[in-house]
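Student: Could you take me through the reading of this model, feature by feature, with the criterion behind each term?

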There are 4 protein chains.
Amino acid sequence: MVRTSIVGAAGYSGLELIKLLLNHPDVEIINLFGNRSAGSRIEDIHPLLRGMISKEIETFNEPALNEIDLLFIALPSGQAIPFVKNAYESGVKVIDLGGDFRLDDVNEYKQYYKHDHSAPGLLNKVAYGLSEWNENEIANVGIVANPGCYPTSILLPLIPLLKDDLVNGEFVSIVSYSGTSGAGKSVSENMIFAEVNESVRAYKVGNHQHVPEIKLYLKKFSNVQANISFVPHLLPVTRGIYTTIQAEVDNNVNEKLCIETFNRYYENSPFVRIVYPSIPEMKNVTYTNFCDIGFTISENIITIISTIDNLIKGAAGQAVQNMNIMFGIDQTEGLLKCSKKKTYQAK
Amino acid sequence: MVRTSIVGAAGYSGLELIKLLLNHPDVEIINLFGNRSAGSRIEDIHPLLRGMISKEIETFNEPALNEIDLLFIALPSGQAIPFVKNAYESGVKVIDLGGDFRLDDVNEYKQYYKHDHSAPGLLNKVAYGLSEWNENEIANVGIVANPGCYPTSILLPLIPLLKDDLVNGEFVSIVSYSGTSGAGKSVSENMIFAEVNESVRAYKVGNHQHVPEIKLYLKKFSNVQANISFVPHLLPVTRGIYTTIQAEVDNNVNEKLCIETFNRYYENSPFVRIVYPSIPEMKNVTYTNFCDIGFTISENIITIISTIDNLIKGAAGQAVQNMNIMFGIDQTEGLLKCSKKKTYQAK
Amino acid sequence: MVRTSIVGAAGYSGLELIKLLLNHPDVEIINLFGNRSAGSRIEDIHPLLRGMISKEIETFNEPALNEIDLLFIALPSGQAIPFVKNAYESGVKVIDLGGDFRLDDVNEYKQYYKHDHSAPGLLNKVAYGLSEWNENEIANVGIVANPGCYPTSILLPLIPLLKDDLVNGEFVSIVSYSGTSGAGKSVSENMIFAEVNESVRAYKVGNHQHVPEIKLYLKKFSNVQANISFVPHLLPVTRGIYTTIQAEVDNNVNEKLCIETFNRYYENSPFVRIVYPSIPEMKNVTYTNFCDIGFTISENIITIISTIDNLIKGAAGQAVQNMNIMFGIDQTEGLLKCSKKKTYQAK
Amino acid sequence: MVRTSIVGAAGYSGLELIKLLLNHPDVEIINLFGNRSAGSRIEDIHPLLRGMISKEIETFNEPALNEIDLLFIALPSGQAIPFVKNAYESGVKVIDLGGDFRLDDVNEYKQYYKHDHSAPGLLNKVAYGLSEWNENEIANVGIVANPGCYPTSILLPLIPLLKDDLVNGEFVSIVSYSGTSGAGKSVSENMIFAEVNESVRAYKVGNHQHVPEIKLYLKKFSNVQANISFVPHLLPVTRGIYTTIQAEVDNNVNEKLCIETFNRYYENSPFVRIVYPSIPEMKNVTYTNFCDIGFTISENIITIISTIDNLIKGAAGQAVQNMNIMFGIDQTEGLLKCSKKKTYQAK
């Protein structure tokens, strides 16, 4: 039984994490921590949890670390560092769902996150939590930096094709659309319903903080320094990310070659579904930990499409998947809606 | 040419008002006033207006009243009183789109709006701007209190039936659903997209500030003191109100009688459409000044359904209709998408 | 291990049923049956099931009944009768999610469902599957008629108050709004996205087939012959029902009395949550088997609000709850996202 | 007064056309034609038109051409050809909103539209109706092929940059998202609300019929044979297109150069708004004839974003704009919500 606590239980990722952990047979939730929400009960903050869990949200305190094996941190980027430090020094494993430990370069961190990194010494203790590509590091480390939602949807389809040199990395065009829960519960005029509904807008064009993350891990896992252009958009749905990637391919690259490559890399990955020749649909992955990938090649251009639930595979679900890896539990435990007796069927 | 200015140009009703007035052949917009938005240009606050109007929003100033015939006030309830006072004392006509001059009882005002009324002496100078029922008063008064969005959708269908004693007023059940623009641009956690989308919630059950307004004007125009129960709900759409009313009717009341009554009262009302035996659909009235009304009787219960666009017939559109009445202009000018040569066909 | 098959696996209720059963530790899915979809694989019909189940949809055949303990029927109303008959005669228990076995009067059935009932002799072998009120019958019968989605949302809040004589049954006004999945996958022009989105419409006012069902079971479980008026509406969301009920109460009825009554009847019902004094929100119950109930009393009128997920508590979830009851399994198995060690906390 | 009739009045583009023409001071609607809808009244087919127009939809007949100056055809692609032929031979001008006269190569037409072109002789009598780039041809021709919605959103931002050689045309990545009204009222299972809502899907990747149209007119107006890759997506909104274009630029190309180019080409185009340095938002153009364009350059990649209302600038609005050009009326008549006295302010 893995004993866990959550910092940031009042947010959307915190809520998803609680729901997943309640459904996990090998996990116990010990404490829920929050700042503004401390003193409230979790079932009042998230009324959908009534009848499922009843617990007061507390102010974080170090002694509570003695009770647990693992600390989840589901805070906005920039706020996780002291908690990670505390946990690390107490010998408690930690999974940070935010962006504070994903980059390895503190200058780049400062450029994109707008403040200094206060614990640079920890950066080399961290494993990047892209479960499908970094299982060994995740299994053997104290701190896991859970990937961003956009990077998850981009790295999973791109790494195999870049790694096998099927795609020209000189100009990779990436257009992503995200549901609004990706912005968290932050209150601003441009996130109210009447501003988002029946509309679309791109944002942070050319300077989103996920750009260096994407480049860094494309390089790490595929060994290619790709030149990507990434344009995120806000979509009038609550959850889900849809990513459309276009890049040039050589004459000798065909769809058969790509499908073989995908199958080879992902045959043992229960949450990556290559749906070729179908086109992925967002509604097939929302509320699940799946990443669906499709693609087509036409006139030397490959179009690759992937979709995930930003709160599950893009946040809480991948965190649980990483927890499973860290504690030697089957990767799918608590995540796949099928009982153990059913074998996963790779398509 | 009616010269008008608008206080509160930065809000949703202000925007609709500008769009309607730009399209009105007999109106000139002189000044746009705002508080927080003062100093900004209107086309930056509402980028959809670019290319249609270019004007700086100013801080309100009394001398500017000398330039105009009519002042529109599109502020949250509670903020209009000083502007109305100023305009009234300067001899400028005024239409207040908020709730500050709708009730005739300052105690009731305080109970529902949570603060004292600072200009009770003006209350008897006001005409309630329900265009279809108060044309004479509106035409001859200095201050028009534009009706609330919910009351407009409720009064138009109920007044004729109560007035002709077709409906039993002892218990009138009213359920309304409103798009979120009714809440204005106010920023609060429960109005962000992810909290409203794919959901519904009732609010202010039994104590909405429109309850006394509905009762007061049902009494004034139908001469019946009805006992209403009103439950407003938030709907995941941007604009529109849908109202479902249920009440008991006597054995001798049938649908034929009701349709005759509606036709008699509304045959000269271009914006009230009795769609019987069809059922109104919200999308048929959004972006228009129409109120669609339908009904059915079954086992001594009448179900009456009405729908309006909360920002048009429920706010800016009815304000323009009232302006037309105040200045002797055809009621439909600037509001009906048909040129003058076409005769309106009452159904 | 309960061995089950599903007739109508290609529809929305079929899909939810499969998802729930895959997550249920004591159930095995043996066969999936369909008509138009026979010959297709279930993971092609519902691509979100890929990686979770892989099975061909078959044409129904009687011998297959020998392999199972329970047959679920998730067909449009009117199509279930021959399958129920077959199963019953083979000694296989059956849960029909449609409306064919809910009414006890074949004339009323014909009036509302527009065709004769071809197996009237079976009607007295049926238990109505409102889990919270009919547990004994459900546990001891061969055929369960799973309740309609609207009736579930209406019966659960109304029965206790009528039964304890707290609400005047002479005129009960009921307004319900439903997500579009309630209409199934049926293809008609008025269900396409552009016709439903940003709109609302009432439908079947006064003659919905759920009216006799509501009346019949209000009478059966509360012993009151209530005079209800029911107006269903289509809501621009995929799933969820929101019901607003208004009725008169006597002077001596107060909120304290009502909350005590609700608590008394539902203290052992894990899926009914009395959220008073909060107002239920639809998003707190979607994707769950909960029914949230709130209410308020003002000037002798009680407003009762309830909300469910039409596909879960209003269909597949309640069917699983009934299966659990029929086979002596804990009622919450496969339905509550909490492990067994956590005690359910009645609020 | 231009006398016009409409073939295909029952569809979404037909509806928008009627609304626009009713608001146009110089136009008279003579006849409405339809196939399936013939015999119905237009205000029953589109109930939002009640009180604005009352007319029976008729079966098309040649003699009716004698009454008019201009025939609009708002039919699905493939059905317009006989009507265009008829009108042309009768000397009546015609604007076809569909795709039947946009391509100049009958083989390409057959490849993408799946049937032979039955009037190839007319193809050289046609002007492509991209109002901003083809005013002279439009003004002097009998047949106008109104552009597709996607091409309009792509050609307007791309032509100036390609024409001035600012963008490298060797690989232009284009990702567009469209509201569902673009698919018309066609009824299919994958267009029902529950299939589209809270989801996204790409479709016709690499083989959409707008691809040859985009290439042809990029070449015609910019003189560059660009290699484009176009991926259309279905968006859960009713109306609007959002297009994101990425391409490489040379070192010497900067944002200042681009904004000068856009301003030079569009300074006299009232419906093209260069919103730089803002990012276009879809809700700022819906229900208008505007095309909003923004862009940014980062590391030798330009990202260009444009947005239109697919039913207005992408269909009925541009058709009215073209009618104005054909009949010597001011281009903005009936389209801009501002009276004539206000000068358009190019930003």
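Predicted model: local features only at pLDDT ≥ 70, side-chain atom pairs only at ≥ 80, totals over all residues.

Student: What rotation superposes chain A on chain D?

Tutor: Copies are superposed by least squares on the C-alpha atoms of residues with pLDDT of at least 70 in both. Here a rotation of 180 degrees, with 0.0 Å of shift along its axis, brings chain A onto chain D at an RMSD of 0.0 Å. That is the relation of a two-fold axis. With contact meaning heavy atoms within 4.5 Å, 100% of the contact residues of chain A recur in chain D, and the same surface serves both copies.

Student: In what order do the seven strands of the open sheet in chain C lie?

Tutor: Strands (E, at least two residues) and helices (H or I, at least four) are DSSP runs numbered from the N terminus, and two strands pair if DSSP finds at least two bridges between them. The order in chain C is S9-S10-S8-S11-S14-S13-S12, with mixed pairing. Its edge strands, S9 (201-202) and S12 (272-274), each pair on one side only. Strands S13 (residues 291-298) and S14 (residues 301-308) of chain C pair in the antiparallel sense over seven bridges, and Asp292(C) stands opposite Thr307(C) in S14(C).

Student: Which residues of H9(A) are buried?

Tutor: Buried means under 20% relative accessible area, exposed over 50%, and partly exposed in between, with a 1.4 Å probe and protein chains only. In H9(A) the buried residues are Cys258(A), Ile259(A), Thr261(A), Phe262(A) and Tyr266(A). They cover an arc of only 160 degrees around the axis, taken from the directions from the helix axis to the C-beta atoms, which puts them on the same side of H9(A). They pack against helix H6 (149-163) and strands S12 (272-274), S13 (291-298) and S14 (301-308) of chain A.

Student: Is Gln318(C) buried or exposed?

Tutor: Gln318(C), in helix H10 (residues 312-326) of chain C, counts as buried at 0% relative accessibility. Leaving aside neighbours within four places in sequence, Gln318(C) is in contact with residues including Gly129(C), Asn146(C) and Asn289(C). Asn86(A), in helix H3 (residues 81-89) of chain A, is buried with a relative accessible area of 18%.

Key:
Residues numbered from 1 in each chain as written. Chains lettered and ligands numbered in written order. Heavy atoms only, no water.
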